[in-house]
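The turns below take up the overall build, the cores, the salt bridges and the surface.

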Amino acid sequence: MMKHFEKTIETKDIFNGKVIHVTHDTVELENGKTAMREVVGHPGGVCVAALTEQNELLFVRQFRYPYKEILLELPAGKLEKGQDPLENGKRELLEETGAVGRQYMTLGKLYPSPGYCGEIIHMYFCRVDHFERQNLDEDEFLDVERIPLEKAVQMVLNGELPDAKTQAAVLKCAMLLSSPVPEL
């Protein structure tokens with residue numbers, strides 16, 4: 001089996017923003033030829049599938065500027081530099097929904113666009129323990145909704161939840177809960 005690789009020869013910074021960093025890289029391919037790669041660096045993200053006692057997932061409905069539309073997503077956020085993804089997820093869940101979770105379980109990592117972006121989204125599942133006060137960021141406007149897990153799965157299958165992290169986490173939750181319960 002051939003070992004695939006690309007060796008970075010040169011990196012040119014194109015843009016350094018608040019959230020992303022863009023580079024234009026020259027790479028050497030495994031056949032010795034060179035190619036150009038445009039790479040978006042991103043600190044990563046976290047998303048939490050929080051299930052209530054009534055088997056409802058907590059969702060947030062918010063405007064997403066790149067698409068110019070309102071999306072329904074699981075609570076999520078950008079990773080803060082140096083912070084543990086799980087702790088970041090707990091904070092985002094509380095800030096966006098007011099929920100405090102228990103029995104957290106990892107649902108793995110998601111690479112949303114591996115062809116050009118280095119973002120990694122860490123996904124978690126938890127049970128909702130109780131609710132406290134929602135604490136949105138100054139520039140954050142959203143509505144919290146509760147959707148039964150079974151309906152959320154159907155929404156994914158019907159194309160009503162186009163967000164990749166939401167689709168993956170909803171389907172993983174449904175699969176985990178339909179099989180023998182794993183140790184939490």
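## Reading the fold

In this predicted model, residues 24 or more positions apart account for 57% of the contacts in the chain with a separation of 6 or more.

Q: How many helices and how many strands does the chain have?
A: From the N terminus on, the elements run β-β-β-β-β-β-β-α-β-β-β-α-α. The C-alpha trace of the chain spans about 60 × 45 × 35 Å along its principal axes. The count for the chain is three helices and ten strands.

Q: What percentage of the 184 residues of the chain count as buried?
A: The accessible surface of the chain comes to about 11,300 Å², and 53% of this surface belongs to carbon and sulfur atoms. A residue is called buried when its relative accessible area is under 20%. By that cut-off, the buried part of the 184 residues is 39%.

Q: Which residues touch the most other members of the largest nonpolar core?
A: The largest nonpolar core holds 26 residues. At least two residues of this core come from each of β4 (45–51), β5 (56–64), β8 (99–110), β9 (121–131), α2 (149–157) and α3 (164–178). Another core, of eleven residues, lies apart from it, with V46, A99, Y124 and C126 among them. In the largest core, the residues that touch the most other members are A49, L57, F59, L74, M123 and V170.

Q: Which residues does L74 touch, not counting residues up to four places away in sequence?
A: L74 is one of the residues that touch the most other members of the largest nonpolar core. When residues up to four places away in sequence are not counted, the residues touched by L74 are C47, V48, A49, L57, L58, F59, V60, T166, A169 and V170.

Q: How many residues apart are E53 and R102, whose side chains meet in a salt bridge?
A: The side chains of E53 and R102 meet at 2.6 Å, N to O. E53 is exposed, with a relative accessible area of 56%, whereas R102 counts as partly exposed at 29% relative accessibility. E53 is in the loop between β4 and β5 and R102 is in strand β8, and this pair links distant parts of the chain that are 49 residues apart.

Q: Why does the pair of R61 and E145 tie together parts that are apart in sequence, and how many residues apart are these parts?
A: The salt bridge between the side chains of R61 and E145 has an N to O distance of 2.4 Å. Because R61 lies in strand β5 and E145 in strand β10 (residues 143–148), the pair ties together parts of the chain whose separation in sequence is 84 residues.

Q: Is I14 buried or exposed?
A: I14 has its place in strand β1 (residues 6–16), and together with F15, V19 and I20 it forms a nonpolar patch on the surface, with about 330 Å² of accessible area together. The cut-off for the exposed class is a relative accessible area over 50%. Because the value for I14 is 55%, this residue counts as exposed.

Q: Which residue in β2 does F15 stand opposite?
A: β1 and strand β2 (residues 21–29) pair in the antiparallel sense over nine bridges. A hairpin joins β1 to β2 through four residues. In β2, the residue opposite F15 is V22.

Q: Which residues does E38 touch, not counting residues up to four places away in sequence?
A: E38 has its place in strand β3 (residues 34–41) and counts as exposed at 58% relative accessibility. The C-alpha atoms of E38 and T23 are separated by 5.8 Å, although these residues are 15 residues apart along the chain. With residues up to four places away in sequence left out, E38 touches T23, H24 and Y116.

Terms used
Residues numbered from 1 in each chain as written. Predicted model: local features only at pLDDT ≥ 70, side-chain atom pairs only at ≥ 80, totals over all residues. Heavy atoms only, no water. Patch = residues over 30% accessible without salt bridge, like charges linked within 9 Å, V, L, I, M, F, W, Y side chains within 5 Å. Areas by Shrake-Rupley, 256 points an atom, 1.4 Å probe, with all protein chains shown as cover. Salt bridge = Lys/Arg side-chain N within 4 Å of Asp/Glu carboxyl O. Buried < 20%, exposed > 50% of the residue type's maximum accessible area, 1.4 Å probe, protein only. Core = buried A, V, L, I, M, F, W, Y, C linked by side-chain atoms within 4.5 Å. Contact = heavy atoms within 4.5 Å. Pairing = 2+ DSSP bridges.
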